[in-house]
Amino acid sequence: GNSDKEPSHTERESTSSASLEEGKPSSDSKEEDEVKGEQDQESSSFKLLELAANNDLQNFQKYVEENNAKINGVGTWYVRQNGAKQMVLEQRTPAMIAALYGSFEVLKYIVKSYATYGGDINQVCGNDNTTALHCGVAGVSGFAVEVVKLLLDSGADVSVVDAMGRTPADVIDLSYRLGNTKRLAMEELLI
């Protein structure tokens with residue numbers, strides 16, 4: 001009879017989601033679950049970007065471990081638009097934000113994680129098609145040169161171009177606040 005029949009995909013889904021956590025209401029629809037998942041992922045990505053910007057290694061590691069957060073996940077962050085003064089929202093990874101802000105300890109952890117678990121230091125994202133190396137060169141922190149050295153030692157590609165056709169070396173000129181000594185050191189690394 002019908003009792004011997006394998007439950008349909010829909011029946012299995014509703015049975016398994018209802019039995020996962022008793023006492024918690026289940027979502028009314030698959031779409032709600034997808035939206036919630038996207039919101040959770042965006043919230044998780046933003047938290048990692050924030051911790052990366054602050055060079056908060058202890059809480060970055062803790063957040064990654066406790067929340068099974070994607071270390072190469074993409075989140076939204078305010079950045080200057082193509083060297084202009086206007087701020088825009090762009091997609092960025094924690095490696096990009098750590099490089100931009102000179103968060104050396106967090107960046108070391110990220111590149112070590114990439115080497116161990118896989119990850120692409122040359123990952124491109126955002127409408128501007130930027131990389132962590134573009135961000136590191138554009139950053140004006142006291143650790144900008146060290147950040148660029150670390151990225152290069154980790155396999156960052158100096159020939160990757162952004163949406164404007166610029167290599168990381170081309171972005172040095174946009175970092176007018178970097179100072180001549182650091183600018184020259186950066187040029188030597190990239191050229």
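This is a predicted model: local features need pLDDT of at least 70, side-chain atom pairs count only at pLDDT 80 or more; totals for chains, interfaces and linings use all residues.

Colleague: Fine. Is Thr167 buried or exposed, then?

Modeller: Thr167 has 19% relative accessibility, and the limit is 20%, so it counts as buried. It sits in the loop between helix 7 and helix 8.

Colleague: What is Thr167 in contact with?

Modeller: Setting aside neighbours within four places in sequence, Thr167 is in contact with His134, Val158, Ser159, Val160 and Val161.

Colleague: Let's zoom out. How many helices and strands are in the protein chain?

Modeller: Nine helices and two strands. The pattern along the sequence is α-α-α-β-β-α-α-α-α-α-α.

Colleague: And how much of the protein chain is buried?

Modeller: Buried residues account for 37% of the 191 residues.

Colleague: What about contacts across the sequence?

Modeller: Take the contacts between residues at least 6 apart in sequence. Of those, 62% join residues at least 24 apart.

Colleague: Now helix 5. What span should helix 5 have, and what does the model give?

Modeller: Helix 5 covers residues 104-117, which is 14 residues. At 1.5 Å a residue, helix 5 should span 20 Å. Its end C-alpha atoms are 20 Å apart, so the two agree.

Colleague: Which residues of helix 5 are buried?

Modeller: Val106, Leu107, Tyr109, Ile110, Val111, Ser113 and Tyr114.

Colleague: Why would residues three or four places apart point the same way?

Modeller: An α-helix has 3.6 residues a turn, so residues at that spacing point the same way.

Colleague: What follows helix 5?

Modeller: Gly118 does, and its phi is positive, near 95°.

Colleague: How do helix 5 and helix 7 pack?

Modeller: Their axes are 11 Å apart, at an angle of about 5°. That makes helix 5 roughly parallel to helix 7.

Colleague: Which residues make that contact?

Modeller: From helix 5, Phe104, Leu107, Lys108 and Val111. From helix 7, Glu146, Val147, Leu150 and Leu151. By class, the contact has six nonpolar, no polar and two charged residues.

Colleague: And helix 3 against helix 5: at what angle do the axes cross?

Modeller: Roughly 35°, and the axes come within 9 Å. Helix 3 brings Leu57, Phe60, Gln61, Val64 and Glu65 to the contact. Helix 5 brings Glu105, Val106, Tyr109 and Ile110. Here the count is six nonpolar, one polar and two charged residues.

Colleague: What does Ala95 contact?

Modeller: Leaving out neighbours within four places in sequence, Ala95 is in contact with Leu107, Ile110, Tyr114 and Ala132. Leu107, Ile110 and Tyr114 are among the buried residues of helix 5.

Colleague: How far apart are Ala95 and Ala52 in sequence and in space?

Modeller: 43 residues in sequence and 7.6 Å in space, C-alpha to C-alpha.

Colleague: What about Val140 and Arg183?

Modeller: They are 43 residues apart in sequence, with their C-alpha atoms 9.8 Å apart. Val140 is in the loop between helix 6 and helix 7. Val140 counts as partly exposed, at 36% relative accessibility.

Colleague: New topic. How many disulfides are there?

Modeller: A search of the whole structure finds zero. Cys125 is in no disulfide, and the nearest cysteine sulfur, that of Cys135, is 7.7 Å away.

Colleague: Last one. Which residues have a positive phi although they are not glycine?

Modeller: Asn55 is one of them, with a phi of about 55°. Asn129 is another, at about 50°. Most residues other than glycine have a negative phi.

Colleague: Where do they lie?

Modeller: Asn55 lies in the loop between helix 2 and helix 3. Asn129 lies in the loop between helix 5 and helix 6. Asn55 is partly exposed, at 29% relative accessibility. Asn129 is partly exposed as well, at 32%.

Methods:
Residues are numbered from 1 along each chain as its sequence is written. Side-chain values use heavy atoms; hydrogens and water are left out. Helices (H or I, at least four residues) and strands (E, at least two) are DSSP runs, numbered from the N terminus. The expected span of a helix is 1.5 Å times one less than its number of residues. Buried means under 20% relative accessible area, exposed over 50%, partly exposed in between (1.4 Å probe, protein chains only). A disulfide is a pair of cysteine sulfur atoms within 2.5 Å. Axes are lines fitted to C-alpha atoms, for helices over the stretch in contact, and angles run from 0 to 180 degrees between N-to-C directions. Angles under 35 degrees count as roughly parallel, over 145 as roughly antiparallel, 65 to 115 as roughly perpendicular and the rest as oblique. Contact means heavy atoms within 4.5 Å. Ala, Val, Leu, Ile, Met, Phe, Trp, Tyr, Cys and Pro count as nonpolar, Asp, Glu, Lys and Arg as charged, and the others, Gly among them, as polar.
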